[in-house]
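My entries follow the display.

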Amino acid sequence: MESKVTCENDLNFKATELRLGLPGTDDSEKHTPPSVRSNKRALSHETTEDSRSKSNSGTSDFGDDEKEAPPAAKAQVVGWPPIRSYRKNCFQPKKTEPESAGIYVKVSMDGAPYLRKIDLKGYKGYPQLLKALEIMFKLTIGQYSEREGYNGSDYAPTYEDKDGDWMLVGDVPWEMFISSCKRLRIMKGSEARGLGSYV
Amino acid sequence: MREDPTEMSEDDDRTTDLAGGGTIVVEASSNKTRSCGGNGGGGVGVGTIADYCPSPYPDQVLENVLENVLLFLTSRRDRNSASLVCKSWYRAEALTRTDLFIGNCYAVSPRRAIERFKRVKSLVLKGKPRFADFSLVPPNWGAQFFPWVSAMAAAYPWLEKIYLKRVSVTDEDLILLAHSFPAFKELVLVCCDGFGTAGLAAVARCRQLRVLDLIDDEVNEDDVDWISCFPESVTCLESLIFDCVESPVNFDALERLVARSPSLKRLKLNRHVNLMQLHRLMVRAPQLTHLGTGSFSTSDNPAQADQEPDLSAFATSKSLVCLSGFRDIVPDYLPAIYPVCARLTSLNFSYANINAEQLRPVICQCYNLQTLWVLDSVCDEGLQAVAATCKELHELRVFPMDAREDGEAAVSEVGLLAISEGCRKLRSILYFCQQMTNAAVVAMSRNCPELVVFRLCIMGRHRPDHLTGEPMDEGFGAIVMNCKKLTRLAVSGLLSDKAFSYIGEYGKLIRTLSVAFAGDSDMGLTYVLKGCPKLQKLEIRDSPFGNLALLSGLHHYYSMRFLWMSTCKLTLEGCKEVARRMPYLVVEVIGDTDEGDIDDSIDKLYMYRSLEGPRADAPSFVTIL
């Protein structure tokens, strides 16, 4: 009871095809079971035959075969494993918890007597972060450009990354930034200008 | 998790329930004298005198004596036997039975039960089949409480206790209950649904309430403050279990309630109670023996985030023997429970995401532990720590954190083997894993001869012994062979008909059997139906058993509480044949809610003995043959 593989043609149905599976995976040896409810008997029949032939051959590669298909393609059978849904659901949320914890980093500004702390998770991207810094420290940071850094300002936001290096805020994608940023420092004056003109 | 005698009796008590006794009694009572003669010594004597003596007095005296004696008879099985002796014993038993046990709510009607038993004070009622827990029974299938509560409201105004399992209960039912039974003392709802906090509020108002236990129920989240509805004065509360209630409760009211409940021994809080609140409650109730700790975490409230919770109440407790909860556990606070570990007989960590390192310091002090539920997050190493210390362990349950077939393997045959070697007194095990070997299962069968319940769930369907590649036949075979007291068995993994031949040959005491994705042919089921004389409850899914196998069990179905078969190889004809030949069997074919007529191959069969014939409340997707 194998699903028919959609043939590629000029209209490129493949790109718009709805199917189970991770984007980019090939639909070659697809072991996607048909809709669980309507074809449950077929599925169980199929797997029973599979297991019989495999157990006869004395190998344990039935488990391996199941792994060929990408995990997302394997439909979970209703009511299996036999765990009450309350228990099943209890631990789903756990996986997202680390993501919801804040990423707090210290922010220092040259010449300021004390530091501040901000939660990088609270910002969607660089514009919001820079705006917040501007408000917090009552200064203007200016526009970021890849070539020239922060021009038109005495200040440049920098950060220390995982390797201990001081980087200019804005060079790397936002997600990479918040995962590698350890602390922020708003450089001022000649140092700041040096960084911009260095680039 | 409470050691409720009615709960344990499923596996321990080898009795038949009311329906079983009822069926036989109905047939026998129509020719009582004949059965009297056939039943031997004592029965004949009484029956003969009653039948032939013209004066009523000896009969009367005998009945009075009998009643007084029967008052002491508590076991269902003994009572059922006593009721079969003769008419006067039947009458006397019916008058003195105070605890009514209905294992299947459709096996007998409320009216019939009430007609026979006049003085019932306690009811145990079970509804849906167990596979309903896993979404295999469509909603609105049945098992409504209303017919029972409304009949009993009129018949048993002195009713004191109600225990329901897998029954649909509405708020209105609970309100009716609260109004109808002025002496009401105990309500225990297990795996029930259909009610909410409005119903709980009504029950709380029962002035003599001692026990309100909600276990694994689905409670509607309406916003009634039911905790505030308990009597204002000192209460009789002994047990309040509401860890399954998802909505927050009024904590201040709860604290006041606990403070005015001096008899409170069991308190299980829901996840909305944090550590600070837990401390306040424990201080109010130092006499607690069973405690469900709620979240075991600090408050979500940022204002309180910096406060360190006071955990000293555990150190001062002298009476705690059972701990559970830990719903959102902060493992750093686990050391707080060290002082009670040595006294613990029951520990439920099945919601606590802790690893072996975090479990070890706790478990190594729990040398009196008899019952342990954990998550497989503790891994094989954690189980080894359990095996090293918990020599008195009777019951172990290992639940999966990742309940998927292809999930992460956290525990394996290594953990099972360790447990079998360390916990020789083990009686009951439920073990979820991704992989297993026959050798480990065989070892357990040899090391743990006291096993009464063996439930192994290898989550990958049809998964063989991962070392040898062979089916798991030999492992389960060894279990039924060596564990001579086994009454409950759940099998999994790759299994051929051989496994079932072992079960049929050796599983002479098995009452409950769960089968999934197993077997090769009709022979598998036939072995079981022909070989297991004590079989009461058989639930099978996704296994290649067909009509031939179904028909091989006709001799036994009246002795069973039920048979469930889903996604097997049954057809309508086969089921109709069974229905034709077994008039006291109700044969239900359950379709999915949105499908129309059933076709020849049926998906779900649920059949059970009954005195009532087809039930009147069957929904449209249920066809009774």
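I began with burial, where buried means under 20% relative accessible area, exposed over 50% and partly exposed in between (1.4 Å probe, protein chains only). Phe131(B) counts as buried because its relative accessibility is 5%. Trp564(B) is likewise buried, at 0% relative accessibility.

I noted that the model is predicted: local features need pLDDT of at least 70, side-chain atom pairs count only at pLDDT 80 or more, and totals for chains, interfaces and linings use all residues. Side-chain values use heavy atoms, without hydrogens and water, residues are numbered from 1 along each chain as its sequence is written, and chains are lettered from A and ligands numbered from 1 in the order in which they are written.

I then looked up ring pairs: rings of Phe, Tyr and Trp (its six-membered ring) pair if their centres lie within 6.5 Å, and planes under 30 degrees apart count as stacked, over 60 as edge-to-face and the rest as tilted. I found 25 aromatic pairs over all chains.

Last, I checked charges over rings, which require NZ of Lys or CZ of Arg within 6 Å of the ring centre and within 35 degrees of the ring normal. Arg87(A) lies over the face of Tyr351(B), 4.4 Å from the ring centre. Arg87(A) also lies over the face of Phe399(B), at 3.8 Å from the ring centre.
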